[in-house]
Structures are given as structure tokens and as C-alpha cells.
Amino acid sequence: MSVPRDVWGRQPRPYALLGWPVGHSLSPAMHNAAFREQGLQAIYVALAVPPEALGEAVRGLASLGFGGANVTIPHKEAVLDYLDEVTPEARLIGAVNTIVCRHGRLVGHNTDGQGFLRHLYAEGIDPAGQNAVILGAGGAARAIAAALAAAGVQTLVVAGRTPERAEAVAGLARRAASAAGTEVEATAVPLPSREAELCLADAHLVVNCTPVGMAPATEESPLPDGLGGLRPGTVVYDTVYRPAETRLLREARARALVTVGGLGMLVHQGALAWELWFGRPGPVQVMWAAAEAALRGED
Ligand SMILES: NC(=O)c1ccc[n+]([C@@H]2O[C@H](COP(=O)([O-])OP(=O)(O)OC[C@H]3O[C@@H](n4cnc5c(N)ncnc54)[C@H](OP(=O)(O)O)[C@@H]3O)[C@@H](O)[C@H]2O)c1
């Protein structure tokens, strides 16, 4: 860990989550458990930063000696304006979820898409050569579309209720593939629509990137007409992790499809942030157990 001892002595070095609001975040529990387990002199705090104070808060990270930060809703896009450097991947996605503070410089990264991908691989799922459908066209969709395109999916369909946003995500996926040296046939379709149904019937992987189904509206589904059109073996991934099993996943499980919940994406994006902050892998199992316990504590 790169803590200058002369400055910090035995004080723990601070890391932060910047969001608005941040009260329900699992990140403090997840990171502090990992700091403890690895014996790091560090502490992670959730800071509620109103949008009008974002610039001051971000610049304050450097002057207050923070080692790094995560960024969450609604600041992931706006934060780009206040950083010294942004990685090409985060620039392409247009969002930063992790900041590394080093020698007074703030560098922005995006670990959401790679976190999603690592979780997929950890589940034994390799999307290369497959047909993927993403539901939704917001920040999570952008990060995941870029990651899937770079990982070599054959087709990527972005199904969204706002056609221009879905088309923009498909365009982003094409640029991500080109930057990674892969090829993808990326298109956008309206959700819901007959075109979306046809694409879903042909999909190997369906990823919900809308908030539909999230607590408290747990009886909602981004595919309210059911999953009858999906073929056997389809992987259904829900980025929503409150509840752990959403209606979408429950219905997928009932049809014996492969189901994956979104908590692993949160854990792996956090473990990747660790790698950036400390230059070594984050302890995934410890982080996972702490995040799960924090989630259970909400029940
Ligand atoms: N597991 C993780 O680590 C992780 C990380 C990030 C996000 N997430 C999950 O992903 C969700 C989306 O996050 P985000 O940052 O992408 O949010 P966002 O930027 O607000 O995007 C939400 C997307 O969902 C669409 N949408 C919202 N309500 C809809 C509805 N009723 N029917 C159809 N589409 C709807 C929106 O449509 P429009 O384009 O028309 O606005 C938009 O495209 C979050 O709620 C969270 O559960 C999980």
C-alpha cells in the first residue's frame, strides 16, 4: 500500500464513496471488511455529496489525502469534469466509478463493465461468440455493452424504451469493439416490441440493466409478459441485487434457465477498485460475505 508513513503515521488512510444519497450503500461494509482482513491502515466512508458540491468534494479528495474513491448515482458522469485524467475506457463509457488519488493527481476509471465480466467468468460463463441482449440504455448498460463488445460477443442488441438512448449504447458497443480489436454486430430495438421478442428468442445471454424489479417494486419485471420465448440454456443476468432474487430471476429459474444476480458485479467492481488503489487483487470472498451480510441486515 502506497501510504507515505511520514504523513499518515498510524492513522488510517481514508477512501470514500461519493453519491447522493449514499445511505443504502453496501460499499462501506464491503471495503472495510476487506481492509480489516488484509490488515490495511485504511478506512472507507460514504459521503453524501449534493450535485452542486461535487467539484469541491472531488478536488478535496486530493487535498485531504484520500487514497481513492468510488463514485455512484448521480455523479458518475459529472465527475469527469473534475479529474486530472480519465482512462480511455471510462471516457468511452462516459462514466467514472473509481478514482485513484496519487501524488495529488486524480485519475478516473470505470470498473463496472469489467466487474460484470469478471463475475460472468467466475460463474463459468464466457460470452465470446454469443448473442447478448441488454435491457435498458443507461449507465450500467453502457458499461456492460462496452465490456461485452470487447469480450467478443457476436451480436449485441440493446432493447430500450427510449430509442435514441438504445441506439447510442449500440454505437458505443461498436466503438468499444473497434478499440479492443473485436467485432460485434450491435443494434438497438424498442422495448417492448416484436423485434425485441425475436432477439430474445435468439439470445444466449440476457442482461437486465433497468432498475425494474428493484425493491420495493419487487413484483415488477423488465419482461412482464414472461420468459416463454427464451431458449433453454439462456443465461439471465439481473444487475439488480435488491432483492437477491428478482421476479425476473425467479421466473427464469422456474423455466430452468441459468440465473445470475447482480451482487457479484458490485463485489467484482469493488475488487477491481482495490487493484487500482493497492496494486493487488481485492479479497473477493471477504467482500462478498460482507456485502451479503449488509444486504441481509436490511431485511
Ligand atoms: N450490480 C451492480 O453492481 C450495479 C451497478 C450499476 C447499476 N446496477 C443496476 O442497474 C440499474 C440501472 O442503473 P443505471 O445506472 O444504468 O441507471 P440509469 O442510468 O438511470 O438507466 C436506467 C435505464 O433503465 C431504463 N428504465 C428505467 N425504468 C424503466 C422501465 N420502467 N421500463 C423500461 N426501461 C426502464 C431507463 O430508460 P430510459 O433510457 O428511457 O431512461 C434507462 O435506460 C440500477 O437500478 C441498479 O439496480 C447494478
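Student: Which strands form the open sheet in the order that begins with β2, and what is the pairing?

Tutor: In general, the strands of a sheet pair through backbone hydrogen bonds, either parallel or antiparallel. Here six strands make an open sheet, ordered β2-β1-β3-β5-β6-β4, with mixed pairing. Its edge strands are β2 (42–48) and β4 (85–86), each of which pairs on one side only. Strands (E, at least two residues) and helices (H or I, at least four) are DSSP runs, numbered from the N terminus. Two strands count as paired if DSSP finds at least two bridges between them.

The model is predicted: local features need pLDDT of at least 70, side-chain atom pairs count only at pLDDT 80 or more, and totals for chains, interfaces and linings use all residues. Residues are numbered from 1 along each chain as its sequence is written, and side-chain values use heavy atoms, with hydrogens and water left out.

Student: How many bridges join β4 to β6?

Tutor: Two bridges join β4 to β6 (residues 105–109), and these strands run parallel. Val-86 stands opposite Gly-108 in β6.

Student: Which strands does helix α2 touch?

Tutor: Contact means heavy atoms within 4.5 Å. Axes are lines fitted to C-alpha atoms, for helices over the stretch in contact, and angles between N-to-C directions run from 0 to 180 degrees. Helix α2 (residues 27–38) packs on the sheet and touches β1 (13–19), β2 and β3 (68–71), its direction making about 170° with that of β2. Helix α3 (residues 54–63) also packs on the sheet, where it touches β1, β3, β5 (98–102) and β6, at about 120° to the direction of β6.

Student: What is the strand order in the open sheet with parallel pairing?

Tutor: That sheet has six strands in the order β9-β8-β7-β10-β11-β12. β9 (185–190) and β12 (258–261) stand at its edges with a single partner strand each, so one side of each has no neighbour in the sheet. Neighbouring strands are turned by 15° against each other on average, direction ignored. Within this sheet, β10 (residues 205–208) and β11 (residues 235–238) pair in the parallel sense over four bridges; Leu-205 has Val-235 in β11 as its bridge partner. Helix α5 (residues 112–122) lies across β10, β11 and β12, at about 140° to β11.

Student: How many salt bridges are there?

Tutor: Side chains of opposite charge can pair when their charged atoms come close. The rule asks for a side-chain nitrogen of Lys or Arg within 4 Å of a carboxyl oxygen of Asp or Glu, and the count comes to ten. One of them links Arg-142 and Glu-77 (3.0 Å, N to O). Arg-142 belongs to helix α6 (residues 139–150) and Glu-77 to the loop between β3 and β4, so the pair ties together parts 65 residues apart in sequence.

Student: Where is Pro-243 placed, and what kind of peptide bond joins Arg-242 and Pro-243?

Tutor: Pro-243 is in the loop between β11 and α9 (247–254). The bond between Arg-242 and Pro-243 is a cis peptide bond, with omega of about 5°. Another cis peptide bond joins Ala-215 and Pro-216, with omega of about 10°; Pro-216 is in the loop between β10 and β11.

Student: Where is His-103, and what is its phi?

Tutor: His-103 is in the loop between β5 and β6. Although His-103 is not a glycine, its phi is positive, at about 50°.
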